Structures are given as C-alpha cells and as structure tokens.
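Let's take a walk through this protein together. Have a look at the sequence and the fold, and then read on.

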Amino acid sequence: MSLRDDFRTFLCQTSSEPIGMEVDHAQGCMITDRSGKKYLDFISGIGVANIGHAHPAVVKAIADQAARYLHVMVYGEFILEPQVRLAKRLADIVPPPLAVSYFTNSGTEAVEGALKTAKKFTKRKKLIAFKDSFHGDTQGSLSVTGREVYQKPFRPLLPYVAFLPFNSLKPLKAIDRHTAAVIVEPIQSEGGVNIPDDEFLPALRKRCDETGALLILDEVMTGMGRTGELFACRHWNVVPDILVLAKALGGGMPLGAFIGRPEIMKTLSVDPPLSHVTTFGGHPVCCAAGLAALDFLIENKLPERAERLGRYMMDQLKKLFGVEGVKDVRGKGLLIGLELMNSKLTERFVSNCREAGLILGWTLHSNTVVRLAPPLVMPEEELDRGVRIIQKALSKALQ
Ligand SMILES: Cc1ncc(COP(=O)(O)O)c(C=O)c1O
C-alpha cells in the first residue's frame, strides 16, 4: 500500500476529493512534495504561515522549550514562563483595555471560550451572529456559523442564536438587552472575503454599548498582521470586548487565545471556579513558538509589509478586470478574494495553478471566490511569479 492509499484508508476523510499532496518539507514560502516538486504557497496553510513555514526563530524556540519541559499541568494552575511572557506581550499590542489572555489549542476553542465568558459575564442567553460567517466546527462555534448547509446535519445546536445580514445597519436593532454577545469577523474570510463598509463595525460597537451586549471580534483569520494592521479592528478603530485569535498566533504550532478586559475575564475564576478549563490549551512549546513568531512579526514590521504588498498585488490582479471570467478582486492587505464567474471555471483555475506550482484555494461558503493569503514575508519576485501563474492559469481555464 502506498502512503496515499494509507491516507485514504486510515485517515478520516473530510471530503471526497482532498488535495492529496504528499508533503516532504516546507520552508519559507515554499512547500516541496515527495517527488521534489516545489509549490509557491499563496494560502499559508489557510492563514497560518504569516512569517513563512518553519521559521528558524520559531524552530529554535520550539527546540529550546522542548528541552526544558513539555506538558506539566493543566492550563491555569502552574506558572509557565512561555505562557506568561506571551500573555504579557499580547497585552502590550492589543487595543486597550483588552489585557488578559486565555490560551486554547485552536480557533474554535477560543470562540467557545469567548461565547461562554460572555454568557457568564452578562448573565444573558441570546447570541447574535452574521450570515455567511465562519467561527469553527465545534458545536458552539457551529451554532454561530451562518451557513445552513453546515448547521443542518448537526441540529439541535445552541438555542437563542439569531443571524443578521453582514454589513447591514438597520437589522442591528435586533441586538437588545437580552443579548449576551455579538460575534463577528471584521472581514468575512470563508464567506468570500467580504469587506464591510466603513460604517458597519463602528455602528455595531455603538449598538453593543447601548444594550450592554459584548462585542466579540473573531480575528482568527484577519489577525497577526494579515490585513495590513496587526489586528483588522484597527482599520475601523473599533475595540471589541473580547478578541479571538488563532491560526498565525502560534507561528505554525496549534495555539488560540481569547483576550478581554480584566473584569470580563475574571468571571471564569468564580461561581464556580474551574468552569472553563483545558488540559493542553496554551501548551508551553506552542506559547514559546508564538512569542518567537510575534517578535519576528513586529520587529520586521510585517503588518506594514502586508499593506504594501497587498496594495501592489491588488493592482496587478485588477489588470485582470476586463478578462472574461473575472467578476471582482477585493481585499485588505494580504487577504484577497478573486471572484470568478462560475464554479466550474474556479475549479479549473485552482487546479491549473496547482499544476503550475502555486497553492491557493476557494472559500468554504463560496465556490467562485478564490482566496489569496500568501505569507507576509513573501519576496516580491515570488509574488510577481505567483501573479504570472495566476494570469496564465486563468487564460488556460477559459480555453
Ligand atoms: C474566522 C475563523 N474563526 C474560527 C476558525 C476556527 O479555527 P480552527 O480551525 O483553529 O478551529 C476559523 C478557521 O478557519 C476561522 O477562519
């Protein structure tokens, strides 16, 4: 049996047509398969490799921490230096008054924690989310993910959840004094790279203030510099009550966090204590990796770089306007959506790109929007090469 056959037989499959690339190694912006073919990575493991794959600073931090200790105690009991140092560093860079972090293993767990914290703090039941959102696949996160096709097989989900249209002001009236929290992605990523109008997030903040509902910003995809700011909420000067991070936070290791004001986060330590615990959340090796990644991101001004490269890439891609088959190009920083006319064309285009050595993919909720999210460290000549591949792959898909 080949490795591919074993993959098909022994690993639970999540689709009938996985990409199925046999990975040999990955470094920087390149992934090399077992035949030696090199691929330029334009999706960063879906928004994870912001500082590139296997960054030497991260690899060293992992090795150093692994040599000291791995898991020693469940989250929140022992004082683990990498956790404390990362939490303190995050407190310096998140918008005040956010200051206290709870670390998790993943994005969906961070969303779960944020929702539970909001319900406990406000003593309210109702949750508001948005159509076409994605917040993760565990039951609570799925309950606030605004896509019927993914919710339906798993009902009953959480009660008291209402979905509003994204980027629409009038429906925000549905947020009321029974609402514990509103959860939103500043830019909907899986929804098809949907960027709200400038009024939307400030209006949402205002409505939450009027009603006492907590605003949870899910920056799992948009955080850590991806959109040209360290956190996308800075584009609109909106400060959430709870900020959710994951993906690039761990520098390639599994790490998530929800970060809030001290008085909100304190709610998890009382009535009863230990009402939200995790064994592995904030694993010391992952926190050490996250700290190294964050230091590199900030020292090298990668959010600014993402802004500059994103603008350049959008200019290049906009030249595709007028090309038959291209409907829209939109984005912020290095989170860009390329919308094509139909799903067959999109499928052919993505597969042509892969054949030519470029990895990208469409979004979960839209089979006509291709998401481009290269590492923020991508050299300009590689970015240009990627754009050339995109142009050729598109012409070929149109033939
Ligand atoms: C906006 C957003 N929130 C939450 C999640 C869930 O994160 P994870 O896959 O780490 O559970 C994702 C994953 O794609 C995401 O894009």
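First, some ground rules: the model is predicted, so local features need pLDDT of at least 70 and side-chain atom pairs count only at pLDDT 80 or more, while totals for chains, interfaces and linings use all residues. Residue numbers start from 1 along each chain, following the sequence as written.

Start with the whole thing. The protein has 13 helices and 15 strands; here helices (H or I, at least four residues) and strands (E, at least two) are DSSP runs, numbered from the N terminus. Its C-alpha atoms fill a box of roughly 60 × 55 × 45 Å along the principal axes. The radius of gyration is 21 Å, which agrees with the value near 21 Å for a compact globule of 399 residues. That radius is taken over C-alpha atoms, and the globule rule is 2.2 Å times the number of residues to the power 0.38.

How much of the protein is buried? Buried residues make up 49% of the 399 residues. A residue counts as buried if 20 or more other C-beta atoms lie within 10 Å of its own, as exposed if 12 or fewer do, and as partly exposed in between, with C-beta atoms placed from the backbone. Among contacts with a separation of 6 or more, 74% join residues 24 or more positions apart. A contact here means that two C-beta atoms, placed from the backbone, lie within 7 Å.

Now for the domains. There's domain 1 (3-54 + 301-398) and domain 2 (56-299), with bounds that come from an automatic or database domain assignment. Their centres, taken over C-alpha atoms, are 26 Å apart.

Next, the inside. In soluble globular proteins, nonpolar side chains tend to be buried together. The largest nonpolar core here has 111 residues, and Ala181, Val182, Leu214, Ile216, Ile242 and Val244 touch the most other members. Such a core is a set of buried Ala, Val, Leu, Ile, Met, Phe, Trp, Tyr and Cys residues joined through C-beta atoms within 7 Å. Helix 10 (residues 284-299) gives the most to this core, with 10 residues. Both domain 1 and domain 2 give residues to this core, so it lies between them. Zoom in on Ile216: not counting residues up to four places away in sequence, Ile216 touches Ala114, Ala118, Ala181, Val182, Ile183, Pro240, Asp241, Ile242 and Val244.

Ser106 is found in the loop between strand 4 (100-104) and helix 5, and it's buried, with 20 C-beta neighbours inside 10 Å. Leaving aside neighbours within four places in sequence, Ser106 is in contact with Ala246, Pro254 and Gly256.

Most residues other than glycine have a negative phi, and most peptide bonds are trans. Ser44, though not a glycine, has a positive phi of about 55°; Ser44 lies in helix 2 (residues 44-47). Lys247 also has a positive phi, near 45°, and sits in the loop between strand 9 (242-245) and strand 10 (256-260). As for peptide bonds, a cis one joins Arg155 and Pro156, with omega about 5°. Another cis bond joins Asp271 and Pro272, with omega about -10°.
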